Amino acid sequence: MSLFHGYETESFYDEMFEAPGTPRPHYQKLYTRLRDMSAEDFRKRTQLADRALIQQGITFAVYGDEKGTEKPFPFDLLPRIIPAREWEFLERGLKQRLTALNLFLHDIYHDQKILNDGVVPRELVVGAVNYRPQFRYADPPGGIYVHICGSDLIRDVDGTYRVLEDNLRTPSGVSYVLENRIILTRTFPSLFRDLAVRPVDHYTTQLLANLCELAPAGREANPNVVLLTPGVYNSAYFEHSFLAQQLGIELVEGRDLFCDDNIVYMKTTRGPQRVDVIYRRVDDDFLDPLTFRSDSVLGVSGLVNAYRAGNVALANSIGTGVADDKVIYAYVPRIIEYYLGEKALIQNVDTYLASNPQDYKYILENLDKLVVKAANESGGYGMLMGPQATQQKREEFAEQIKANPRNYIAQPLISLSRAPAFVENHCEGRHIDLRPYLLFGKESITLIPGALTRVALRKGSYVVNSSQGGGSKDTWVLANEPHPLSQTMGGMSQTMGEGTMMQSLPQSTNPNPTLEQGGAQ
């Protein structure tokens, strides 16, 4: 029986099918190759991918299991395909958005023109949890605040792309983009033969080049770049170790660094070594106990002074979290128009602010129809799916909103687009989103031609976060060339035969590599 036998698109926008049995043009070749494959053959490939994930330590813990069972990070082998023209539109829209947000951050930490002009209410910015008044008039290298951005996109029932939120602090998940591609090319290489799929493996090369550009004056020739992690118990530790390895830089914890005379040093067996650039995966609050949380043991005492003195660069900069506050998100279309004089190419989802008296009343009266989110939570936490919640849960959220209106927004429940996912012995539609990754360098903005497609693997669920039972897919961006592009990793073509097992990377000790929570997105 065909993998797609009985597949129903229902009332949702389906990424693969225009109608049952009728694939969209850019999926036609993939559909033809998969149509007659047996469920048993596909399952074997899925098991092969799962073994590869386990070998590399890409697993997550089953909480509440006394045996400490771990499962492979959920990966659905059916890729999501985005045609070239569609991607070009997304690229323009995302670059426009990131350009405007960087201008916004520079403004609110300097002249505050947008606040003085009343385009964004001053109290919403200066009252934001992640606004850092300590950094007024501080100038990051090149004037860039957000070096790495991962905005979340969805498609509504009409197939229109919309931005759901922006991740501008320490966005995570790009390691799964790279790993998903490696696994799929090695376990299912025949899928790539008919389509010109753009490679993604140059991401780390571009990222390292951008990081090196940030080096302080006089240190440009051979800058020392490190990746600062909270440690092995962080949910994204696998990604931290993977990226450090791919970038060829040291993976360090706060205890590995110290400051002397406003210069950051790394402890080594050969003595102190100066650090020039820190790719940090530690949230602002924990970066420096002398400036932020005094009880933090994750950061480095004196790091903020070294940063302000221009002796070390941070990516992303301190204070960027105010721009991905879900309340500020509602103003991004106005921000784009204010700084760029352009309409937003990719629109937001309609958003109600509980801090607005009129919206406040509407939210409380319609909790059964809305999705309510806390302003600075991530990973699917601090959220109410009103239409699917119990009356008791809605009442509890109503009290939270009343206690702190500034901290909540609400949006209508969007019928997220769906894509086929392999379930037992056939394919069923599952809701998905899209997280592309942009790198903001001194000369240009680079968008990796691929993305993290997250999948709500639970039937009927709209929550795609890995911490809430979600998984991921490989995302294929098609090139305009008529012939397939070779898939490469580290400069070596993936030419293995069907079913070849991946070579293991060093094992991770990470017990739960879901996307990061609470400021580590």
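**Figure 1. Packing of helices α12 and α13 in the predicted model.** The axes of α12 and α13 lie 10 Å apart, and the two helices pack at an angle of about 165°. Angles over 145 degrees count as roughly antiparallel, so α12 is roughly antiparallel to α13. The crossing of these two helices is left-handed. On the α12 side, the contact is made by Tyr360, Ile363 and Leu364. Ala398, Ile401 and Lys402 are the residues that α13 brings to this contact.

**Figure 2. Helix α13, its buried side and its exposed side.** Helix α13 runs over residues 391-403 and has 13 residues. From its first C-alpha to its last, α13 reaches 19 Å, which is close to the 18 Å expected at 1.5 Å a residue. The buried residues in α13 are Arg394, Phe397, Ala398 and Ile401. These residues cover an arc of only 110° around the axis, which puts them on the same side of α13. An α-helix has 3.6 residues a turn, so residues three or four places apart point the same way. Gln392 and Ala403 are exposed, on the other side of α13.

**Figure 3. The cover over the buried residues of α13.** Among the elements that cover these residues is helix α12 (357-365). Strands also take part, including β18 (370-374), β19 (383-385) and β20 (408-412). Ala398 and Ile401 are buried in α13, and both belong to the contact with α12.

**Figure 4. The buried face of helix α7.** Helix α7 spans residues 203-213. Its buried residues are Tyr203, Thr204, Leu207, Asn210 and Leu211. Seen down the axis of α7, they fall within an arc of 125°, so they line one face of the helix.

Figure 5. Gly150 is 23 residues from Gly173 along the chain, and the C-alpha atoms of the two are separated by 8.7 Å.

Figure 6. The protein has 521 residues, of which 59% count as buried. Among contacts between residues at least 6 apart in sequence, 71% join residues at least 24 apart.

Note on methods. Residues are numbered from 1 along each chain as its sequence is written. This is a predicted model: local features need pLDDT of at least 70, side-chain atom pairs count only at pLDDT 80 or more; totals for chains, interfaces and linings use all residues. Side-chain values use heavy atoms; hydrogens and water are left out. Buried means under 20% relative accessible area, exposed over 50%, partly exposed in between (1.4 Å probe, protein chains only). Helices (H or I, at least four residues) and strands (E, at least two) are DSSP runs, numbered from the N terminus. The arc is that of the directions from the helix axis to the C-beta atoms. The expected span of a helix is 1.5 Å times one less than its number of residues. Contact means heavy atoms within 4.5 Å. Axes are lines fitted to C-alpha atoms, for helices over the stretch in contact, and angles run from 0 to 180 degrees between N-to-C directions. Angles under 35 degrees count as roughly parallel, over 145 as roughly antiparallel, 65 to 115 as roughly perpendicular and the rest as oblique. A crossing is left-handed if the near helix is turned anticlockwise from the far one by less than a right angle, and right-handed if clockwise.
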